[in-house]
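Have a look first, then read on.

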Amino acid sequence: MQLIDGKNTAAEIKAEIAEKVAARKAAGKKQPHLAAILVGHDGGSESYVANKIKACEECGFRSSLIRFESTEEAPLQEKTLLEAIARLNADPDVDGFIVQLPLPRHIDEQRIIEAIDPAKDVDGFHPTNVGRQSIGLPCFHSATPYGIMELLRRYGISPRGKQVVIVGRSNIVGKPLAAMMMQKGSDADATVTVCHSATPNLADVTRRADILVCAMGRPGFISADMVKDGATVIDVGTTRVPDATRKSGWRLRGDVDFDTVAPKCSFITPVPGGVGPMTIVSLMRNTLIAAEQRD
């Protein structure tokens, strides 16, 4: 079994991006500028945005954070958020921006996503980018799926001709990853099955996978009897579970029961340190592309 180290791979890619940014500066071009909108104080979102800001520093980017308070007593008005998005769309100094999800339940997430200029949609969530991705046209790829594809490429794991099973059909991971995996090309060309809550006999399907991607948000759900010997397992799950031994009182756990599944695998990603860092570095990559397109 070989561990797929997303943390080290992401560090390598950030160094590559930083070199390109240094070359831009030497050529008199501006730094890429990534902005983020954060609503409220969700713990996971706070940590994720902090990691994005740190990654911007490491890549030589400028970063901006726009915060909005939202409570049950004083909920943020959707109109206010849409106005902030319009300002970022119109700001020539901002190359790309994200609206950190999840948003409070009273805000229509899809309306917010569709308000973002597709040319600045570095999360790759806008229907324009999703549609272009689905038919293999240039676009901003969804960050987590792109990070998974890059991990596979850098570890020499080709999906070509393989049975790929994705457990989870979210718009953020499952659906866009399936679209990327089935495109023509040596880095794709897979036969893809997408499973979800209505899939009968799930274990029978997952056991056929040469590459198994787990993206459900159900900690420890994938057990050893659900995985074929020699499979590559990509664990996208990052659920906070209580842990009294940690100062924080919690730890991250993936969708895979790592201790029992890992011995059966040829390759497996850990949680944390697997897919998570690659998601952030994919966002950096998209921001660099956005800056280059605006030169």
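Helix H1 goes past helix H10 in a left-handed crossing, meaning the near helix is turned anticlockwise from the far one by less than a right angle (clockwise would be right-handed). Keep in mind that this is a predicted model, where local features need pLDDT of at least 70, side-chain atom pairs count only at pLDDT 80 or more, and totals for chains, interfaces and linings use all residues. Residues are numbered from 1 along each chain as its sequence is written, and side-chain values use heavy atoms, leaving out hydrogens and water.

**The helix pair**
- H1 (residues 6–26) packs against H10 (residues 275–293) at about 15 degrees, with axes 9 Å apart; axes are lines fitted to C-alpha atoms, for helices over the stretch in contact, and angles run from 0 to 180 degrees between N-to-C directions.
- H1 and H10 are therefore roughly parallel, a label for angles under 35 degrees.
- Contact (heavy atoms within 4.5 Å) involves residues including Ile13 and Ile17 of H1 and Val281 and Leu288 of H10.

**The sheet**
- Helices (H or I, at least four residues) and strands (E, at least two) are DSSP runs, numbered from the N terminus.
- Three strands make an open sheet, ordered E3-E2-E4, with parallel pairing; strands pair if DSSP finds at least two bridges between them.
- E3 (62–68) and E4 (96–99) are at the edges with a single partner strand each, so one side of each has no neighbour in the sheet.
- Seven bridges link E2 (residues 33–39) to E3, and His33 has Arg62 as its bridge partner in E3.

Terms used: Angles under 35 degrees count as roughly parallel, over 145 as roughly antiparallel, 65 to 115 as roughly perpendicular and the rest as oblique.
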